[in-house]
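We'll go from the whole chain down to single residues.

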Amino acid sequence: MAYFDNNSTTRPFPEVLDAVRSASDSLWANPSSPHRVGSQVRVRLEQAREEIGHSMGVDPAGLTFTSGATESNNAVLGWLANRKSLSGETALVSRIEHPSVLETARHLFANRIEYIPVNQDGLVEMGKVEELCKQKRPTIVSLLAAHNETGVLQPWKEVAQLCQEYGIWFHCDATQWMGKLDPQGFDLCSSFSFSAHKFGGPKGVGGMFSHEPVSWIRGGGQEKEQRGGTENLPAIEGMRIAWRQTCNKLPIKQDVVAWKENFESQIKQDLPGVRIIGEKVARLWNTSFLMLPDFDNLGWVCKLDKLGYSLSTGSACSTARKEASELAGAIGLSYENGGRLLRVSSWLNTNELEWTNLAGALVQAHAELVEDRDQSGVVTL
């Protein structure tokens with residue numbers, strides 16, 4: 001199978017699997033224990049924190065290990081919602097945030113949410129952000145760095161600087177950025193989150209950086225009393241190796257970027273009616289978000305799967321359909337058109353031939369969908 005669902009999860013590097021196995025065998029003790037074996041695990045844990053923190057350009061002391069970005073996003077929003085010392089009461093979030101931000105903000109802030117609009121390319125406009133910050137003086141502004149569906153790069157650095165000027169907490173979901181683009185500059189954020197399995201690491205481990213201590217899981221005193229529970233050292237060690245492997249491969253060479261661009265040019269030529277969402281703005285080098293003609297995206301996914309290509313309709317979370325509708329509305333698409341969206345996302349192990357052949361597979365899938373429709377007489381989207 002040619003795998004094009006890497007924004008959902010990436011295949012672990014072989015070195016990561018080796019590191020997890022080795023750590024599970026030799027570094028299995030509790031890092032909070034005072035004896036020598038526990039202390040050895042504690043040393044490795046802090047080495048991982050130092051290495052990852054420094055390579056991200058932040059103070060390692062502010063880095064907390066979590067189960068991933070969903071937990072980290074929930075933690076920051078929950079902490080801020082309950083923090084009495086903040087004068088503001090409003091949460092300012094974009095309509096295109098991941099559900100772990102959007103649904104959490106709606107739950108915690110209820111009718112105290114203001115939404116940052118986006119244009120038809122799925123890009124937040126800085127003028128709107130500044131206007132809302134002046135008017136609403138929110139407790140928190142949350143904006144992802146790169147969108148998980150469209151791949152559109154958001155002006156997170158500019159928003160971070162604006163929030164510093166106004167004294168507003170700025171949280172950035174950096175999940176899709178980390179491992180694909182230069183990680184420097186995130187120290188401008190009040191906090192940010194990431195997940196290891198988006199850059200060749202294990203699932204169930206990630207991190208959160210914060211300039212101030214954010215406490216959310218009590219009991220045990222681990223992670224400087226911010227997140228109780230014994231740390232998963234084998235997973236953290238796997239994340240450390242994955243991060244090192246990824247950083248060694250950055251920046252991405254221009255010919256890799258060209259593979260996606262050639263794919264998009266080919267598919268627009270061979271499959272009339274295709275629209276590339278965010279085509280006119282800066283996007284992740286690995287992501288192409290298509291609005292396809294004639295058929296529901298689940299039909300496309302099934303056909304492509306049979307042809308040997310793994311793609312997705314978007315987010316792999318259980319709210320994928322709801323999220324697609326939310327995104328479609330935010331960028332001005334109808335509900336029906338939202339059901340035709342298909343995400344293509346490559347990774348470091350994707351080659352040029354796979355991109356080229358995918359264009360042909362989409363054309364073949366369309367021909368088969370048309371044939372199925374004509375034979376069944378069923379009217380599709």
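Here is a short tour, one selection at a time.

**Before you click**

This is a predicted model, where local features need pLDDT of at least 70, side-chain atom pairs count only at pLDDT 80 or more, and totals for chains, interfaces and linings use all residues. Residues are numbered from 1 along each chain as its sequence is written, and side-chain values use heavy atoms, with hydrogens and water left out.

**Stop 1: select the whole chain**

You're looking at 13 helices and twelve strands. Both are DSSP runs numbered from the N terminus: helices are H or I with at least four residues, strands are E with at least two.

Now colour by burial: 57% of the 381 residues count as buried, meaning under 20% relative accessible area with a 1.4 Å probe, protein chains only.

**Stop 2: select 206-210**

This is strand 8. How many of its five residues are buried? Five of the five, so strand 8 is largely enclosed by the rest of the structure.

**Stop 3**

Which strands run alongside strand 8? Strand 2 (residues 63-66) is antiparallel to strand 8 and joined to it by four bridges. Strand 7 (residues 191-195) is also antiparallel to strand 8, with five bridges. (Two strands pair if DSSP finds at least two bridges between them.) Zoom in on threonine 66, whose bridge partner in strand 8 is glycine 206. Then find phenylalanine 192, standing opposite phenylalanine 209 of strand 8.

**Stop 4: select 275-276, 287-291 and 341-345**

Here three strands make an open, antiparallel sheet in the order 9-10-12. Strand 9 (275-276) and strand 12 (341-345) are the edges, each pairing on one side only. Two bridges link strand 9 to strand 10 (residues 287-291). To finish, click arginine 275 and look across to methionine 291 in strand 10, which stands opposite.

Methods:
Buried < 20%, exposed > 50% of the residue type's maximum accessible area, 1.4 Å probe, protein only.
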